[in-house]
Amino acid sequence: PRIPGQKGTRLGLSSHKMSRDERGATRIGARHRALVIAAAAMLGCALLGVSGAVAGAATGPVSYSSVVAGHNDACAISVNGALYCWGLNNDGQLGTGSTLNSNVPVEVSRVPKIINMSLGRGFSCAVLRGGAVECWGSGASGELGNGTTANSLIPVRVRGVAGAKDISLGLHHACAIVGAGEVKCWGSGASGELGNGSSRNE
């Protein structure tokens, strides 16, 4: 049936003819989606719809609730709170106990259930259920927050951080929201990124 007053237009359908600009935008959008899919494939991702199912390292398909992409790696939190990472692992940023790269998700060693996480350059940190924070990978600037500048191939507990709710990582520093809204930062402070009035690493 035709809509009254809309000559030549059927119900539920549009008679609009795409302009040259719109056709061009459609082609660009399709090309952009193809590039995104190709980039994800390079990190071992499989885009399988809204379920977030990605093949696990050795246990078959795993369903994830959130995902974070880093410089050359990526991590995803499973619906059960486990953490899986893949990609570059030269500094131990995958948290598997080795420096072997992985093109499929591998479970992070000895990390309890987590609520969120973030990726820096060569290191990773996660907020655990209960509010503690653990980091792993490169520690050259103190970015692991454990009082040393040594790398760690497995998660180590950040000192002096409790009640964390969220975390974000920069190149070589990390900041977490703790307690009633306080921000706590650690790692490289060379450019003042720790926000404590100093340019020292902590």
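**Exercise 1. Is Tyr-64 buried or exposed, and at what relative accessibility?**

Before the solution, note that this is a predicted model, in which local features need pLDDT of at least 70 and side-chain atom pairs count only at pLDDT 80 or more, while totals for chains, interfaces and linings use all residues. Residues are numbered from 1 along each chain as its sequence is written, and side-chain values use heavy atoms, with hydrogens and water left out.

*Solution.* Start with the scale: buried means under 20% relative accessible area, exposed means over 50%, and partly exposed lies in between, with a 1.4 Å probe and protein chains only. Tyr-64 has 9% relative accessibility, so Tyr-64 counts as buried.

**Exercise 2. Describe the aromatic pair that Tyr-64 and Tyr-84 form.**

*Solution.* First take the rule: rings of Phe, Tyr and Trp (its six-membered ring) pair if their centres lie within 6.5 Å, and planes under 30 degrees apart count as stacked, over 60 as edge-to-face and the rest as tilted. By this rule the count comes to 1 aromatic pair. Tyr-64 and Tyr-84 form this pair, with 5.7 Å from centre to centre and 80° between the planes, and the arrangement is edge-to-face. Next place the two residues, using strands as DSSP runs (E, at least two residues; for helices, H or I, at least four), numbered from the N terminus. Tyr-64 belongs to strand β2 (residues 61-69) and Tyr-84 to strand β4 (residues 83-87), 20 residues apart, and the pair thus links distant parts of the chain. Finally, Tyr-84 has a relative accessible area of 9% and is therefore buried.

**Exercise 3. Find the partners of the salt bridge and state where they lie.**

*Solution.* A salt bridge is a side-chain nitrogen of Lys or Arg within 4 Å of a carboxyl oxygen of Asp or Glu. The structure holds 1 salt bridge, in which the side chains of Arg-157 and Glu-134 meet at 3.1 Å, N to O. Arg-157 is in strand β9 (residues 152-157) and Glu-134 in strand β8 (residues 133-137), 23 residues apart, which again links distant parts of the chain. As for accessibility, Arg-157 counts as partly exposed because its value is 45%, whereas Glu-134, at 8%, is buried.

**Exercise 4. Examine the surroundings of Ser-152.**

*Solution.* Ser-152 has its place in strand β9 and, at 11% relative accessibility, counts as buried. Its side chain reaches the backbone oxygen of Ile-154 at 2.6 Å. Using contact to mean heavy atoms within 4.5 Å, and leaving aside neighbours within four places in sequence, one finds Ser-152 in contact with Asp-91, Gly-92, Trp-136, Gly-137 and Leu-144.

**Exercise 5. Work out how the sheet with the order β10-β11-β12 is built.**

*Solution.* Two strands pair if DSSP finds at least two bridges between them. The sheet is open, has 3 strands and shows antiparallel pairing, and its edge strands, β10 (164-169) and β12 (182-187), each pair on one side only. Between β10 and β11 there are 5 bridges, and these two strands form a hairpin with 3 residues between them; Asp-166 has Ile-177 in β11 as its bridge partner. Between strand β11 (residues 173-178) and β12 there are 6 bridges, and the partner of Val-178 in β12 is Glu-182.

**Exercise 6. Locate Arg-110 and describe its phi.**

*Solution.* Arg-110 lies in the loop between β5 (102-107) and β6 (114-119), and its relative accessible area of 67% makes it exposed. Most residues other than glycine have a negative phi. The phi of Arg-110, by comparison, is near 50°, a positive value.

Definitions and conventions
A polar contact is a pair of N or O atoms within 3.5 Å; within protein, one must be able to donate a hydrogen and the other to accept it, and residues adjacent in sequence count only if both atoms are side-chain atoms.
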